[in-house]
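Here is a short briefing on how two parts of one chain meet.

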Amino acid sequence: MSVALIILAAGKGTRMNSDLPKVLHPIAGAPMLHHALNAASVLEPAHTIVVAGHGSEQVHASAHAFDQAVDVVLQEEQLGTGHAVNQARNALAGFNGDVVVLFGDTPFLQPDTLIRMIEARRKHDVVVLGFDIAEVQPRYGRLVMDGDQLVKIVEYKDATEEERAIRFTNSGLMACDAETLFSLLSEVTNDNASGEYYLTAVPELATARGLSVTAVKCDEAETLGVDSRTDLAGADAIFQSRARAELLDNGVTMMAPDTVYVSFDTVVGRDALIEPNVVFGPGVTVESGATIRAFSHLEGCHVSRGAIVGPYARLRPGTELAEDVRIGNFVEVKNATLATGAKVNHLSYIGDASVGEASNIGAGTITCNYDGVMKHRTEIGARAFIGSNTMLVAPVSVGNEAMTGSGSVITSDVDDGALAIARAPQVEKPGMARKLIDMLKAKKARQSRGS
Ligand code: UD1
Ligand code: MG
């Protein structure tokens, strides 16, 4: 049976106090919406529809940046979760598989849970995902069960005292075949305490039709919703502790894991060593046996086996380090490829460049890649030796086994095996230093007598 996803993301998220729509706030470097889409990708959906409202253009752009096809429909006025699902009706015209509704602001949903819901859907007409709350909270709808049958969901505002005491609550997720769902939604009214068209009215309407409605249970932590910046920071912290634990389990060494920040897609191989206070932005892969030393910041880069990065290094997007490369302190690398065994050990900027095998880049070297309007490339061959404080004014190339003299400003290409020196020649004036000092001392003495 094919599956269509409807992800509700039209709400304003007032408590976030932000211009950014709530579902686009990031956790571990990815918008919450992408976390939800990622979890749901286990269902291999035939259609994915995001219902957007507040900040719909931004939501649209973010949904399209996700690496699977996503349609975005607009809910102009936020008249409730049932009304929101209804906005996907036209987009799903003719679709006769199952619909799974989920919220864009529940980033911790586990793929297994979605599978359990779909499995339950084979035996029941409507399946809702519920969880037991530890403490009674007004924010969730209550699931009123009769054995396996979910009789109805009552929103807290509409519930009796007895119903409010129920601990089994609604996560918001629902699975139902498309035709039944949209037919039930046509019967939903806004006759309730909030004056909204509730999605949660569906189970009661289904029960009245004699359909089989049930609830699947998950852990409370999975359905954790994010409504405020505090929730967002808490969610990120939860993500971090899970991701670090996973890295440790996979054989990564971290002496102070709590100080390492990882992104949603960070990949680190077995026996890699991550020292304290390292930040992984999105898009980083570190191979087995590489070392990332303290206080380094990496994003959009690949570090191969045996490479050592840092301390205090910055690897920006497009950095590709081959095996046994060394990147030392206060070195920034961007959009550059460094071949096996290349070294950039101190105080350098290597941007829009390629550095050949076993080349050594001296301290303070800078690839001058930007002319104020355009970016240009620097190509350095294999086994080249770039003297300290060389300015490589791109576009420029330095050949295999070539050298540049320290302090050179290299503006033309250097041939294989050549030594290029581009600095003012040294001039020596015998005795001049002492003479100069004597002159200056005499001048100072005259001035202090005069004052
Ligand atoms: C909802 C459920 C409640 C459940 C809780 C779990 C309903 C009526 N209530 O309540 O039973 O326990 O979630 O967190 O469904 N949205 C839209 N358009 C709208 C309204 C909402 O897209 O018109 C989206 C929001 O952006 C959000 C999601 O739907 O992603 C849930 O809406 P929210 O207002 O947070 O519902 P709750 O009151 O939390
Ligand atoms: Mg909510």
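**Domain interface**

In this predicted model, five residue pairs, both at pLDDT 80 or more, are in polar contact across the interface of domain 1 and domain 2. A polar contact is a pair of N or O atoms within 3.5 Å; within protein, one must be able to donate a hydrogen and the other to accept it, and residues adjacent in sequence count only if both atoms are side-chain atoms.

**Layout**
- Domain 1 covers 3-223 and domain 2 covers 229-420, with bounds from an automatic or database domain assignment.
- Their C-alpha centres lie 43 Å apart.
- Domain 1 gives 16 residues to the contact and domain 2 gives 14 residues (heavy atoms within 4.5 Å).

**Buried area**
- The two domains bury about 1100 Å² between them, 60% of it on carbon and sulfur atoms; this is accessible area (1.4 Å probe) lost on being put together, summed over both.
- Met16, Ala28 and Phe108 supply 45% of the area that domain 1 buries against domain 2, more than any other three residues.

**Lys334**
- Lys334 sits in strand 24 (residues 331-338), a DSSP run of E with at least two residues.
- Lys334 counts as buried at 11% relative accessibility (under 20%, 1.4 Å probe, protein chains only).
- Beyond neighbours within four places in sequence, its contacts include Tyr349, Asp352 and Lys375.

**Conventions**
- Residues are numbered from 1 along each chain as its sequence is written, and chains are lettered from A and ligands numbered from 1 in the order in which they are written.
- Local features need pLDDT of at least 70, side-chain atom pairs count only at pLDDT 80 or more, and totals for chains, interfaces and linings use all residues, while side-chain values use heavy atoms, leaving out hydrogens and water.

Note on methods: Helix = DSSP H or I, 4+ residues; strand = E, 2+ residues; numbered from the N terminus. Buried < 20%, exposed > 50% of the residue type's maximum accessible area, 1.4 Å probe, protein only.
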